Amino acid sequence: TDEQLTASMILDQLRNKIITALHQTGEVHEAKDGMDIALCILDRETLKLQFSGAFNPLYIVRDEEVVQVNADRMPIGIYEYEPDEKLFTTHEVELVKGDSLYVFSDGYADQFGGRRGKKFMTGRFKKILVKINHLPMQKQGEYLDKTIEKWRDGVSDQIDDILVIGVKV
């Protein structure tokens, strides 16, 4: 068709394929396997961004501030709390040169550690992204790695996957 594929349409189609592949019917006894995802489509000429997410948001760091673009509160797969199939949302954002975009799994913020064995938390994560935003992306990655390792300090095991993807516009 002539209809342009949007970020939310991709997630809707992916959810349908996952449900089919895992033979999910929504029955109470079956596994509720699925996944969280953040998907961006960037037009590099116009700097227009489409974002759609399944639990995972998008952070945009601009002028030492974090703009959070929220994801839908449902996974890719059968969702036990939402019996009526709800469609994903496409958020459209006008970017400017110098913006930094970050998509990530929940593993960084959920990592236990520190002096009290608490979670790292999203507030601390956002502050670090603002602090390191002036660095090249590779250096940002190294800083994030060192920071989470120091947070764990050999006391806490890594409890989940940790993925952070950053792109400078």
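Guide: Here is a walk through the pockets, one after the other. This is a predicted model, in which local features need pLDDT of at least 70 and side-chain atom pairs count only at pLDDT 80 or more, while totals for chains, interfaces and linings use all residues. Residues are numbered from 1 along each chain as its sequence is written, and side-chain values use heavy atoms, with hydrogens and water left out.

The largest pocket holds about 370 Å³ of space. Its lining counts 18 residues, and Phe-55, Pro-57, Phe-104, Asp-106 and Thr-122 are the closest to its centre. On a 1 Å grid over the protein atoms alone, a pocket is an open set of points where a 1.4 Å probe fits, with protein on both sides within 12 Å along at least five of seven lines, and lining residues have an atom within 4 Å of a point. Grid points are joined across faces, edges and corners, and the volume is the space filled by probe spheres set on them.

Helix H2 (107-110) and helix H3 (122-132) each give at least two residues to this lining, and H2 has the largest share, with three residues. Helices (H or I, at least four residues) and strands (E, at least two) are DSSP runs, numbered from the N terminus.

Now for the second largest pocket, with about 210 Å³ of space. Among its 16 lining residues, Tyr-108, Gly-141, Leu-144, Asp-145 and Val-164 are the closest to the centre. Helix H4 (137-152) and strand E11 (164-168) each supply at least two lining residues here, and the largest share, eight residues, belongs to H4.
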